[in-house]
Amino acid sequence: MHERVRILGCAALAAPLLATGCGGNARGDGELVIAAWDDGRPQSAVDVAARDFEKANPGVKVTVKKTPFDQHLQALRRQLGTGRAPDVAMTLLGYGESGTSRALADKGLLGDLTAESWAGRVPKQYRSVVGDGAKVYAFPIDLMAIGVFAKKGTPEPKTFSDVLARCRSAAADGKVAFAIAGHEDSKMPHIVGFALAASTVYADDPAQSEKRLKNQVTFAGTPGWVKAMERFTQMTDAGCFAKGVAGTTREAAARGLGEGKAEMVVAPSATLPLWQAAAPQATFTMFPFPGDDDPARVRVPAGPSSGLVVPAKAAAPVLAKRFIAHYAAHRARYAALDGAVPAIPAGAGRVPAYASALGPYVRDGRTSPVMDQHWPNPELITLFDAGLVKILNGRSGPSDVLKSMDAAWTSKAP
């Protein structure tokens with residue numbers, strides 16, 4: 001999971017247009033505009049795919065328009081709503097924020113991709129993330145899993161009791177067991193919350209997300225969610241995290257891990273470049289976060305993370321679908337360029353090599369959903385993060401977090 005991501009307006013403003021400038025969607029035949037986020041690399045998989053598509057389709061011109069990683073989703077929603085749409089857009093899957101695939105589809109802003117040849121190969125457990133269960137609105141690019149990153153050789157805690165013991169031991173040595181950032185854009189507290197809830201909620205009820213969408217359960221009324229919040233509080237009390245992290249950025253947390261001030265970090269598999277940049281000479285590996293004392297109950301949050309969609313107002317929808325079909329046909333190669341694996345199986349391993357310890361969990365179905373992909377109201381993830389930061393600061397309790405989420409719950413994207 002890189003983690004969950006965000007594009008904006010006109011060159012006269014602070015960022016480039018998603019489409020073709022201030023003139024809207026007026027462009028010639030054979031032109032394709034792709035909107036993607038900038039991950040800091042000069043050439044990502046979508047850039048390579050664009051050049052490959054041009055070579056395979058003489059006369060076609062593909063333009064990849066990028067905006068900063070943290071602006072993409074919010075601005076994409078604005079662009080699609082005003083009619084200045086690209087032909088293909090990269091976005092995050094499911095719900096969670098206003099610019100994710102399910103939220104956009106609910107507003108009628110995406111084209112239907114159900115009839116595409118690759119759509120029938122999307123694994124059944126991911127259908128509610130790429131569409132509404134009946135129709136498909138997004139091609140899933142990569143598979144994300146949440147686990148623990150650590151430098152190779154770091155002892156791996158096997159149970160939740162081991163986690164608490166490691167936290168106390170690290171604190172006694174003047175370190176912390178887990179790097180974390182509390183800044184509102186870091187997204188790190190809720191990742192720990194997801195890792196805990198995977199074993200406390202979904203080990204008992206794999207269908208919990210579907211039940212919440214049908215208003216058959218609540219967060220505060222689900223014992224597993226209460227236990228997850230109680231365990232986050234236990235981790236805080238055991239000194240698992242540094243004190244005063246409310247304003248800490250993800251980059252600062254990465255430096256702490258790189259410098260050895262923190263031993264581990266709970267994070268999505270796609271965030272390896274962040275941790276590696278803080279310790280270029282180190283070799284990082286991933287293993288499951290043990291959210292329970294019974295190993296048989298441990299689950300790994302996993303699912304497709306990012307995807308490609310065709311806006312309903314795309315100027316070249318037929319060409320856009322051809323591009324996505326091209327991407328789907330070469331998905332293993334493009335996923336490898338991004339250090340990931342394809343969400344639609346393509347004969348490759350189901351997790352990156354550095355995360356091989358997560359492989360048996362993904363292959364055997366010992367997983368949970370990535371929870372916010374099933375939360376229609378974008379306010380939910382903000383409340384969850386903010387509530388966990390309050391627990392870190394001793395200003396809130398487990399039940400307060402869950403009650404605030406139930407109060408803001410909606411079954412459809414607002």
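Leu 109 touches Arg 77, Leu 80, Gly 81, Leu 104, Pro 311 and Ala 312, leaving aside residues up to four places away in sequence. This residue sits in the loop between α3 (101-106) and α4 (127-130). With a relative accessibility of 15%, Leu 109 counts as buried, because the cut-off for that class is under 20% relative accessible area. Leu 109 and Leu 380 are 271 residues apart in sequence, and their C-alpha atoms are 22 Å apart in space. The model is a predicted one.

The overall fold comes next. The protein has 15 helices and eleven strands. Its radius of gyration is 21 Å, close to the 22 Å that the globule rule gives for 414 residues, so the protein is as compact as a globular protein of that length. Along the principal axes, the C-alpha trace spans about 65 × 50 × 45 Å. Of the 414 residues, 58% are buried. The accessible surface comes to about 15,900 Å², and carbon and sulfur atoms account for 52% of that area. As for charge, there are 48 positive and 39 negative side chains in the protein. The centres of these two sets lie 3 Å apart.

Helix α1 covers residues 45-56, which makes twelve residues. From its first C-alpha to its last, α1 reaches 16 Å, close to the 16 Å expected at 1.5 Å a residue. Nine of the twelve residues are buried, so α1 is largely enclosed by the rest of the structure. The buried residues of α1 are Ala 45, Val 46, Asp 47, Val 48, Ala 49, Ala 50, Asp 52, Phe 53 and Glu 54. They pack against the strands β1 (31-38), β2 (61-68) and β3 (88-92), and against the helices α11 (317-329) and α12 (331-337).

Helix α11, one of those partners of α1, has 13 residues. Its reach from first C-alpha to last is 18 Å, close to the 18 Å expected at 1.5 Å a residue. Buried in α11 are Leu 319, Ala 320, Phe 323, Ile 324, His 326, Tyr 327 and Ala 328. The cover over these residues includes the helices α1 and α12 and the strands β1, β3, β4 (139-140) and β10 (306-309). Strands β1 and β3 and helix α12 are therefore named for the buried residues of α1 and also for those of α11, where contact means heavy atoms within 4.5 Å.

Leaving aside residues up to four places away in sequence, Met 188 touches Ala 179, Ile 180, Ala 181, Arg 250, Ala 253, Val 265, Trp 275 and Asp 385. One of these contacts, Val 265, is 77 residues from Met 188 in sequence, with 9.2 Å between the two C-alpha atoms.

The last stop is a matter of backbone geometry. Most residues other than glycine have a negative phi. Asn 215 has a positive phi of about 60°, although it is not a glycine. This residue lies in the loop between α7 (208-213) and α8 (223-237).

How values were computed:
Residues are numbered from 1 along each chain as its sequence is written. This is a predicted model: local features need pLDDT of at least 70, side-chain atom pairs count only at pLDDT 80 or more; totals for chains, interfaces and linings use all residues. Side-chain values use heavy atoms; hydrogens and water are left out. Helices (H or I, at least four residues) and strands (E, at least two) are DSSP runs, numbered from the N terminus. Buried means under 20% relative accessible area, exposed over 50%, partly exposed in between (1.4 Å probe, protein chains only). The radius of gyration is taken over C-alpha atoms; the globule rule is 2.2 Å times the number of residues to the power 0.38. Accessible areas come from the Shrake-Rupley method with a 1.4 Å probe; for residues, only the protein chains shown count as cover. Lys and Arg count as positive and Asp and Glu as negative; His and the chain ends are not counted. The place of a charge is taken as NZ of Lys, CZ of Arg, CG of Asp or CD of Glu. The expected span of a helix is 1.5 Å times one less than its number of residues.
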